[in-house]
Amino acid sequence: MDLKQIHIPNDNRIMGNTTNRPICHKRQPASRKIRFPERHGSPRYVGLSPPSLEVPAGIRLSSNVSDSSSDQKNQEGTSKSDPHCTILAEKTMVLLSPDHVPMRSMDSPIRQEAAVPGLLFPPASERSSLDGVEFERQLLSSRGFSAELVNTLLLSRKRSTTLIYSRVWNKFLDFYTVPFTKQVPVTPILEFLQKGRELGLSVNTLRVQVSALGALYGCNIAANRWISRFIKSCERSKPVHIPRLPPWDLNLVLEALTSSPFEPLDSIPLKVLTYKVALLVALTSARRVSDIQALSVDPPFLLIFHDRIVLKPDPSYLPKVASTYHRSQEIFLPSFFDSPVTPEQHKFHTLDVRRAILTYIERCQTWRESRALFISFQGHKKGHGVTRATISRWIRDAICLAYTSKGEIPPAGIKAHSTRAMASSWAEQADVPIHLI
């Protein structure tokens, strides 16, 4: 008997006892099939071998097994000696294919979720891993919009807003598992909002969720009388506290900026100089941190005059309100006692934002790697632009350093955004016209 040489993987050494199991080249009947034993956690293959497994063509398993149980019926009620019946393969006789197919190929294919009418949402496991933009791209594409139209519609919101909305969509679709329809499910939405209220979400967070669900269904659900009534009841039961002024004292901070450790500018550490410039720009411009981050040192975005500095936004920067008016606004930072004479005027001149910016640019000139106004002063990113979070931290640290330099304890809850309220409030108290504020 001549056996055809075949490849048997090394990890299948136990082939079973070959005693009384003759090997032959006799072809099995076409109707002959092998039933594989069901394994826990694997699918049931009835009468058919999995497509990923096959016995090499050079070996045939004879059904004429000479053992004491050969004439007995197996558990399926078929005889092992009948060549036309289905046999049950022993565990030690099941061979892997020569390609070493991994065991996960035995598993059943991933069951796709049924398509829902109206919109075709991806499965929950895929939704959680999708980027917010990609999630909305699928959402818009499922409405029948072309790829070009989808790309245009995606530009209507900032990326940060899209990411927030996608998180709300995922949570709501996990909460409300009924197939999606274009009709707004007011009751489930109210139950979803009620669950968030019980978890302690603020009124503003609930408003964001309402806006996100309105974008999901393509309508203004905030105008619904029941949803509007729910938000109003949350406002009455848990009113939002709006402080009139930030918790820190502007007079104390400005007094600290006129002396050590913030003066003199030519010799103080670069970190302290960065803190002072960031705080003065935030106070004198009353702009958001994102606007300050977008400032540049290159003309025509930076114009230096003898009595002021004019900063223009970069055309590629999109502010929070991306209107033509807000994108074309210029920032005028006038000098403060640019020609001091008296000691008091010299003291106030230390608060001159023009002087501070020019000194900062000069001291960073030799190692600057970015054209952004504010750059990192340490580490491997020295000379490169910084994030909004970094500028916010600099402003907070400047306020805290001003308090400690005066022997005071910095108040809790200091935020960089409070400089906008502080600047505009003090300007109003100084009788500055509202249109200038």
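**Exercise 1. Find which residues Ile395 is in contact with, leaving aside its neighbours within four places in sequence.**

Solution. Work on the predicted model. Contact needs heavy atoms within 4.5 Å.

The largest nonpolar core has 52 residues. Ile395 is among those with the most contacts inside it, together with Trp248, Ile357 and Phe374. Then list the elements that give two or more residues to this core. The helices are H8 (250-257), H9 (270-285), H10 (289-293), H13 (353-363) and H14 (388-405). The strands are E4 (308-311) and E5 (331-334). H9 gives the most, with 11 residues.

A second core is separate and has 24 residues. Leu139, Tyr176, Val210 and Ala212 are included in it.

**Exercise 2. Decide whether Lys276 is buried or exposed, and list what it touches.**

Solution. Start with the location: Lys276 is in helix H9. Now apply the cut-off. Buried means under 20% relative accessible area. Lys276 has 0% relative accessibility, so it counts as buried.

Then take the contacts, leaving aside neighbours within four places in sequence. They are Leu257, Phe262, Glu263, Leu265 and Thr350. Phe262 is 14 residues from Lys276 in sequence, and their C-alpha atoms are 6.9 Å apart.

**Exercise 3. Describe how E4 and E5 are joined, then sort the residues of E5 by face.**

Solution. First, the pairing. E4 and E5 run antiparallel, and 4 bridges join them. In one of these, Val310 has Phe332 of E5 as its bridge partner.

Second, the faces. In a regular strand, side chains alternate between the two faces of the sheet. In E5, Ile331 and Leu333 make up the covered face. Phe332 and Pro334 make up the uncovered one.

**Exercise 4. Classify two aromatic pairs and say which parts of the chain they link.**

Solution. The whole structure holds 11 aromatic pairs. Two numbers describe each pair: the distance of the centres and the angle of the planes.

Take Phe336 and Phe348. Their centres are 6.0 Å apart, with 50 degrees between the planes; the pair is tilted. Phe336 lies in the loop between E5 and helix H12 (343-349), and Phe348 lies in H12, so the pair ties together parts 12 residues apart in sequence. Phe336 counts as partly exposed at 35% relative accessibility. Phe348 counts as partly exposed too, at 28%.

Take Tyr360 and Phe374. The ring centres are 5.7 Å apart and the planes meet at 40 degrees, so this pair is also tilted. Tyr360 is in helix H13, while Phe374 is in the loop between H13 and H14, 14 residues apart. Both Tyr360 and Phe374 are buried.

One aromatic cluster remains to be noted. It is formed by Phe172, Phe175, Tyr176, Phe192 and Tyr217.

**Exercise 5. Give the distance from the ring centre for the charges over Phe305 and Trp367.**

Solution. Arg308 lies over the face of Phe305, 4.2 Å from the ring centre. The charged end of Lys382 sits over the ring of Trp367, at 4.9 Å from its centre.

**Exercise 6. Summarise the whole protein: how many helices and strands, what share buried, what surface?**

Solution. Count the elements: 15 helices and 5 strands. Take the buried share: 35% of the 437 residues. Finish with the contacts between residues at least 6 apart in sequence. Of these, 62% join residues at least 24 apart.

Definitions and conventions. Residues numbered from 1 in each chain as written. Predicted model: local features only at pLDDT ≥ 70, side-chain atom pairs only at ≥ 80, totals over all residues. Heavy atoms only, no water. Buried < 20%, exposed > 50% of the residue type's maximum accessible area, 1.4 Å probe, protein only. Core = buried A, V, L, I, M, F, W, Y, C linked by side-chain atoms within 4.5 Å. Pairing = 2+ DSSP bridges. Phe/Tyr/Trp six-rings, centres within 6.5 Å; stacked < 30°, edge-to-face > 60°. Lys NZ or Arg CZ within 6 Å of the ring centre and 35° of its normal.
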